[in-house]
Amino acid sequence: MEAAGVSSTSVPSLLLPATINKTQFRKPLFLNFKFHSLPISSFSLTQRNISKSKLCTTLSSSPASTEPFKPLQPEIESESEQEKFDWYSQWYPLIPVCDLDKRVPHAKKVLGLDVVVWWDRNENEWKVFDDTCPHRLAPLSEGRIDQWGRLQCVYHGWCFSGSGDCKFIPQAPQDGPPVHTFKKACAVAYPSTVHHDIVWFWPNSDPQYKDIILKKKPPYIPELDDPSYTKLMGNRDIPYGYEVLIENLMDPAHVPYAHYGIMRTQKPKAKVDREGGRPLEMTVKKLDANGFIGKQEWGSSKFIAPCIFYAYTDPVVDQGNGSASSAQTTKAPSTQRRMALIFLCIPVSSGNSRLIWSFPRNFGIWIDKIVPRWMFHVGQNLILDSDLYLLHIEERKIMDIGAANWQKACFVPTKSDAFVVGFRRWLNKYAGGQIDWRGKFTGALPPIPPREQLMDRYWSHVVNCQSCNAAYKGLNALEVILQVVSVASIGIVAATKQGFMSTAARTTVISMAVISFAASKWLAHFIYKNFRFHDYHHALR
């Protein structure tokens with residue numbers, strides 16, 4: 001389900017064109033790059049020093065048995081055996097800034113916490129509050145930003161500043177006690193920051209964490225901070241849980257099969273089936289409470305707990321003669337072409353998650369300036385949809401057997417599952433085996449909705465994406481215009497007397513009416529298929 005690849009449609013679906021010349025990446029596809037292992041020092045896990053450890057593999061080259069997995073070797077695990085992962089002492093991404101409207105508050109959910117994101121123009125900052133008015137618990141996300149830049153609850157008009165202080169209670173007499181200054185009248189404000197053009201928040205409102213940004217910052221990703229890279233982003237709400245989402249993104253072996261026909265993958269030396277699956281060399285080099293570092297035949301990947309799965313490519317160097325080579329074989333490279341695949345996987349609630357993705361690169365920048373962002377999202381949403389139902393059902397099967405029994409129930413005998421096994425080991429060893437919902441959920445998953453609702457794109461993506469939302473409205477307006485032109489053309493022909501319009505003119509107007517009507521029908525189908533619902537039948541591929 002990796003949200004990167006080359007669409008077979010004519011609409012660009014990725015950061016890269018469907019055809020690449022020889023001076024570009026030969027295989028600019030998800031997880032069939034040659035990856036380059038960057039120095040650990042260039043990427044901070046949690047802005048802290050990383051404990052030294054030896055490197056070794058997680059999986060044997062021989063097939064695994066059905067026996068439960070043995071613990072990881074001591075030399076690849078953290079030296080601190082007592083270190084545990086605290087789900088509520090981390091920064092969590094909410095949404096890219098490019099998809100936020102400063103005029104309105106936005107409702108989001110993370111770790112079961114309902115929060116509201118809003119723009120405080122008095123402090124020129126994005127703020128994150130608990131989505132609850134202290135008066136009668138109405139959602140603040142349904143409110144408005146008033147003329148003084150305060151967040152107003154539209155139930156009774158209470159107004160709050162960026163710090164959460166209540167500034168106005170309309171029902172309180174002006175000559176009475178200042179009840180708006182009482183602590184119970186304040187909204188709950190969470191620490192928040194904008195980092196890599198994404199709004200992040202700290203899910204603990206205790207006063208001791210007010211200045212947590214000075215002690216611990218969100219993970220730093222060099223490519224998202226480099227102005228020479230293009231970095232279009234997207235986001236989508238996913239109808240299955242965080243664990244299934246992130247381990248699916250760590251699994252390149254499913255791409256030729258689950259995304260057959262919409263993503264091109266590296267061809268194996270000996271093709272054994274139509275789809276082109278092949279053995280993959282993947283190992284986990286280091287695992288601790290902060291995540292793990294993975295090694296694969298094309299380079300390296302990193303899981304930075306709890307949200308980030310990050311991979312980066314081997315640079316291809318333009319030698320100036322139309323040929324390309326790896327950086328290792330070039331003595332004086334003139335241009336290094338680099339690309340990264342970044343996925344931010346956010347736990348929302350039981351059976352629901354959110355994905356933010358970005359594929360920064362330092363070449364082909366002109367593509368993103370010409371092609372609208374929504375066109376890339378069309379192809380990326382198709383990729384997400386193509387295995388969505390599989391994963392939705394898979395999660396329920398895992399829940400039936402119990403997450404703690406995952407390693408006993410799942411048979412993972414090959415190295416291609418190394419990252420998935422590494423993630424499950426991290427989850428069990430350091431993170432309590434599951435997300436800490438703090439009693440908000442019993443563990444039961446929501447019922448399976450109809451397929452059209454499950455794979456709906458409008459509410460899961462379009463309304464949360466400024467580019468796709470604008471395109472949706474614009475294309476709907478164009479559809480109406482085409483229908484009006486069609487009807488008006490027929491009306492003109494019908495109302496015009498025989499002698500006042502030549503046969504050629506009459507034929508032209510009627511042809512315009514037919515073409516406009518046909519175009520409006522095609523456009524209606526295009527809108528529905530790309531902005532509402534696009535089913536995916538694997539058996540017919």
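Helix H5 (residues 373-386) has 14 residues and spans 21 Å from its first C-alpha to its last, close to the 20 Å expected at 1.5 Å a residue (that is, 1.5 Å times one less than the number of residues). Helices here are DSSP runs of H or I with at least four residues, strands are runs of E with at least two, and both are numbered from the N terminus. The model is predicted, so to speak of local features takes pLDDT of at least 70 and side-chain atom pairs count only at pLDDT 80 or more, while totals for chains, interfaces and linings use all residues. Residues are numbered from 1 along each chain as its sequence is written, and side-chain values use heavy atoms, with hydrogens and water left out.

H5 is largely enclosed by the rest of the structure, because 13 of its 14 residues are buried (under 20% relative accessible area, 1.4 Å probe, protein chains only). Its axis and that of H10 (residues 466-495) come within 8 Å and cross at roughly 100°, so the pair counts as roughly perpendicular (65 to 115 degrees). At the contact (heavy atoms within 4.5 Å), Arg-373, Trp-374 and His-377 of H5 meet Gln-466, Ser-467, Cys-468, Ala-471 and Leu-475 of H10.

Elsewhere, three strands make an open sheet in the order S1-S11-S10, with antiparallel pairing (at least two DSSP bridges between strands). S1 (92-96) and S10 (192-195) are the edge strands with a single partner each, so one side of each lacks a neighbour in the sheet. S10 and S11 (residues 198-201) are joined by four bridges, and Val-194 sits opposite Val-199 in S11.

Notes:
Axes are lines fitted to C-alpha atoms, for helices over the stretch in contact, and angles run from 0 to 180 degrees between N-to-C directions. Angles under 35 degrees count as roughly parallel, over 145 as roughly antiparallel, 65 to 115 as roughly perpendicular and the rest as oblique. Buried means under 20% relative accessible area, exposed over 50%, partly exposed in between (1.4 Å probe, protein chains only).
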